[in-house]
Amino acid sequence: MENSVADKMAASSVSGWVNGLLGVIIFSGSLPATRVAVLDMDPFFLTFLRASIAGTLAVILVYSFREKRPQAAQFAPLIIVSVGVIVGFPLLTAMALKHIDAAHSIVYLGLLPLSTAIFGVLRGGERPTIAFWIFSVLGSLLVIGFAFMQSDTVSLTGDLLMLAAVVICGLGYAEGAKLTRVLGGWQVISWALIISLPFMVLASLMTIPDTFGGISTSAWFALAYVSLFSMLIGFIFWYKGLATGGIAAVGQLQLLQPFFGLGLSATLLHEAISPLMILITFGVILCVIGSRKFS
């Protein structure tokens, strides 16, 4: 009996990390895509429109699978998820990327695992070990140090916006993961999108540009990516991963997100990968492994 329980727990942990990794890979294109989109689009219009598109798809999903409405007590957590990951993080990062480049924003992605872990303790009731926090902080420092060496842009406004985005996103991740244990991953993000949909549609109409002539094809493709993958599909894997593998532990996979993004840039845009990037990536992977072992 004990072996059976242990096997189930191990399988659940592996499933959580696999789903979390898939979510991180999907999210890795979010900031570069947002950077491309805000070159031609107002950040407010971009934020509201991407949520409106994803929210419409969520309505179709919920209706197709005949999902029951959440209970009254679950609406407050769903609102927190909406404010954190549907409105707050996309809007704040889009505004920040008007002042800083995508490389500089990686500085703050390095803090996101810590933010998620802290809210996992405060909201999810988790209690990681001291060794976990050491590996988590070390991994964050590696990412932040690498990002500072890659970026030339510094802006107080952009930095403060990214810092606020990291805090509110960590809360949204932890709250959504906690709720996923009851509702399910795709249900949580779908209902959060649906709750915010009326406001997002109205806001989109209020911020719509006078003409779409100045919006490039690449910006429209970027909008499609952040609407479909960053706003909906990525969260299905991510919340399931956090819920089954542990918020604090699986959250450390976010340390790999900047390097996945740079890897995509090298593959698709033929950008060079430096030996330093490879070295730091291995260091971050070791930190993720260490945090998993001691979580």
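How many helices and how many strands are there in the chain? In this predicted model, the chain has 13 helices and 0 strands.

The chain has 295 residues, and buried residues make up 51% of them. The chain also exposes about 13,700 Å² of area. Carbon and sulfur atoms supply 72% of that area.

Next come the contacts. Among contacts in the chain with a separation of 6 or more, 91% are between residues 24 or more positions apart. A pair of residues can show what distance in sequence and distance in space look like side by side. Val 201 and Gly 55 are 146 residues apart in sequence, while their C-alpha atoms are 9.2 Å apart in space. Val 201 is located in helix α9, which covers residues 185-207. Is Val 201 buried or partly exposed? Its relative accessible area is 38%, so Val 201 counts as partly exposed, given that this class lies between under 20% for buried and over 50% for exposed.

The surface also holds a nonpolar patch. Which residues form this patch? They are Val 14, Val 18, Leu 21, Leu 22 and Ile 25, and together they have about 370 Å² of accessible area. One of them, Leu 21, belongs to helix α1, which spans residues 2-27. Leu 21 is classed as partly exposed because its relative accessibility is 31%.

Technical notes:
Residues numbered from 1 in each chain as written. Predicted model: local features only at pLDDT ≥ 70, side-chain atom pairs only at ≥ 80, totals over all residues. Heavy atoms only, no water. Patch = residues over 30% accessible without salt bridge, like charges linked within 9 Å, V, L, I, M, F, W, Y side chains within 5 Å. Areas by Shrake-Rupley, 256 points an atom, 1.4 Å probe, with all protein chains shown as cover. Salt bridge = Lys/Arg side-chain N within 4 Å of Asp/Glu carboxyl O. Helix = DSSP H or I, 4+ residues; strand = E, 2+ residues; numbered from the N terminus. Buried < 20%, exposed > 50% of the residue type's maximum accessible area, 1.4 Å probe, protein only. Contact = heavy atoms within 4.5 Å.
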